[in-house]
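Hi,

Here is the structure I promised to pass on. Have a look at it first, and my notes follow below.

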Amino acid sequence: MLSALIWIPLVGAIVIAFLPGKLEETVYRSLAIITASILLVLTIVLGLQFDPTNPHIQFTEYLPWISGLGLNYHLGVDGLSFPLIFLNSLLSLIAIYSSSKTIERSRFYYALILILNSGVAGAFLAQDLLLFFLFYELEIIPLYFLIAIWGGPKRGYAAMKFLLYTAASGFLVLISFLGLVWLSGASTFDYEPLRSHTLPLSTQLILLAPLLIGLAIKIPIFPFHTWLPDAHVEASTPVSVLLAGVLLKLGTYGLLRFGVGLFLDAWTYLAPWLATLAAISALYGASCAIVQKDMKKVVAYSSIAHMAYILLAAAATTRLSITAATFQMVSHGLISALLFLLVGVVYKKTGSRDVDYLRGLLNPQRGLPIIGTLTIMGVMASAGIPGMVGFIAEFLVFRGSFPIFPIQTLFCLIGSGLTAVYFLLMVNRVFFGRLTPELAKIPPVLWSERLPAFVLAIFILVLGIQPGWMVRWNEPQVGLLLTGKPEVALLK
């Protein structure tokens, strides 16, 4: 079943790519939707069979591949990776569904999205370090083309910047993995056997450093963040949904799985510095978001701030904070995807994302009242209003991190408070006030265009009211992840 999550989208991409080019574009779109729907159903079936009380890897698939390199086709899923697998399947379907029905070069476009889905799923399922790296690098290729071909006026610059940054990220991650296998004397890149090797603290620090920098680029964390706003602004709406909702989570997932899981002593040693960096990144992202005039840039910089909370929680390395980090990954994925979808609808109907130009879009007669209402709900969730998933995620993060790093947590709390400031400024300017004459003839929003936003809104509300439905998936896995941590540190 795990291999199906990787190979079905690849097969779907090949089928779409080699179909006759004279077919109607709706044929390619329909095939992509069917493929993504099958993946979502398979993920749900996997979840129904998954045992959340078992902290170990489940549904393991193992096949020797390249023995000389120690590379094996080793897949597995646990409570840390399954929520992200579901998020990948859900947002891939939403991205395909929300894509334009008249998109140019549609065969190539839908094939790339399915390849992207396959690469992300493979990275989350890989239980071999080198296999993880291969999938980690695979997703760069389709995302580069998705930005470079279907992006905005500066798409070439944004795509090349993304490519250079993420290629450097993968190179640094590979250095860390190769160094770990070489210095530990292991004959394989399998994850679990490598966890059993104990290396001196100095060696762990040397190996952890490139891994941290590489994953910080992917997340991204200040000062390695500059590629993200450019990529979001130039990317189309569906690509932004995938980029913010899923792709950034590869970095935070890597922090937990490899940073904490493989280099626990070095991670604990560097934890105060990581928590401080998280606080700086949170405040920087929030401060930049306040001064933006482009709605997409506001949401992009808010992602930098909210992803920093995951680093803070990971640095604290308590059972509650690690659970909170996973919850925050899913929370941010849902909320950022919703906000990018809604900004995309506003841009499609008005031709602008400029907060100084847009006015009064909440007007019930001639504006975008339902889109405005959903946007207000999305920004409330991002600001941590109770009753929504964002509140639960941030509360768990701050509650789990405060006993370990009180000062850094307080600064992140300030960054969380600033979320309400920059989103309130955006909503007040765009949706309230009198509708300007230039916007008096906005095309109506079809229900098919609202449907993806409604689906995400339901998840945001349901997980905000019943967070235990997700938390139970990874609580046992968190205990196993921290098994090697000194008991005195856990008691903190």
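Helix α3 covers residues 82-97, and its 16 residues should span 22 Å at 1.5 Å a residue; the end C-alpha atoms are 23 Å apart, which agrees. The expected span is 1.5 Å times one less than the number of residues. Of those 16 residues, 14 are buried, so α3 is largely enclosed by the rest of the structure. Buried means under 20% relative accessible area, exposed over 50%, and partly exposed in between, with a 1.4 Å probe and protein chains only.

Please keep in mind that this is a predicted model: local features need pLDDT of at least 70, side-chain atom pairs count only at pLDDT 80 or more, and totals for chains, interfaces and linings use all residues. Residues are numbered from 1 along each chain as its sequence is written, and side-chain values use heavy atoms, with hydrogens and water left out.

The protein has 21 helices and two strands (DSSP runs, numbered from the N terminus: H or I of at least four residues for helices, E of at least two for strands). Buried residues make up 62% of its 492 residues, and the C-alpha trace spans about 70 × 55 × 40 Å along the principal axes.

Best wishes
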